[in-house]
Amino acid sequence: MQMQIKIQRWLFSLLIIGALFVGGCGNSPAVNSTPTGSPAGESISLSPSPSPAVVAASSQFSNLPRLEGTATVVMTVKGAPITIELDGKNAPITAGNFVDLVQKGVYDGLVFHRVVREPQPFVVQGGDPQGKDPKFPAARLGTGGFIDPKTSAERRIPLEIKAKGAANPTYSATLQEAGVKEKPVLVHSRGAVAMARSQSPDSASSQFYFTLTDVPFLDGSYAVFGYVKQGMDVVDKIEAGDRIEKATVTQGLENFKAVS
């Protein structure tokens, strides 16, 4: 009986984890593709004593906005506020990217295109800029990211996960791929806010998700960058097709470092 339960949980995990993948076309990874190890030489693990590789990684990501501290974002859905506390101390690039997109108004009017509550609560996902157009086919939502007007290309951010006891995050690889055994500082507890991505670790852009329950099997594989502090009851009522009416940074903007 216990073996049957374990098998059911394993199959469920494989099924629902596809909900976090960002679909794509052209050179983008395929929809609901299965995670694999990153290509050789792509992953960089930051250690307490920065190595030349760490310095290179910092230079590589210097063109991305950062949050050097905490910030608060209030997101309004169905006329009700959801208060999110962002953790730029442990996820500076991921949280900084989110603040930048909020400041640019990218999330205003976007639809939540994927809600998974059955066979058990999992996530609410949104953030595809294509969803601002009410005529855009619902079946194709989940394939888009933020197009940076400066480059006319999709901005992608590295997978960024800080392990307990580490001085810096691990970049461009899951903790398992990087050989890190410690658990993340920011875990997928109920109310976590994290970035959706495709098979490639460095493919997150603007799509994010709220966790509806504790989802520990995602820890170390997806980047959590904040938590819902108030309004989880609002998140629990979100349905596919509901829109973000407005997202605003209400505190901590002084910790935000935009790209010049």
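This is a predicted model: local features need pLDDT of at least 70, side-chain atom pairs count only at pLDDT 80 or more; totals for chains, interfaces and linings use all residues.
Local features need pLDDT of at least 70, side-chain atom pairs count only at pLDDT 80 or more, and totals for chains, interfaces and linings use all residues. Residues are numbered from 1 along each chain as its sequence is written, and side-chain values use heavy atoms, with hydrogens and water left out.

Searching the whole structure turns up ten aromatic pairs (rings of Phe, Tyr and Trp, the latter by its six-membered ring, with centres within 6.5 Å; planes under 30 degrees apart are stacked, over 60 edge-to-face, the rest tilted). Take Tyr107 and Phe208: their ring centres are 5.4 Å apart and their planes sit at 85 degrees, so this pair is edge-to-face. Tyr107 is in the loop between α3 (92–103) and β5 (112–116), while Phe208 is in strand β12 (residues 208–211), so the pair ties together parts 101 residues apart in sequence (helices, H or I, of at least four residues and strands, E, of at least two are DSSP runs, numbered from the N terminus). Tyr107 counts as buried, at 0% relative accessibility, and Phe208 is buried at 0% too (buried is under 20% relative accessible area, exposed over 50%, partly exposed in between, with a 1.4 Å probe and protein chains only).

Ring pairs also link Tyr107 and Phe208 into a cluster with Phe98, Phe112, Phe210 and Phe225.

As for charge, the charged end of Arg197 sits over the ring of Tyr222, 4.6 Å from its centre (NZ of Lys or CZ of Arg within 6 Å of the ring centre and within 35 degrees of the ring normal).
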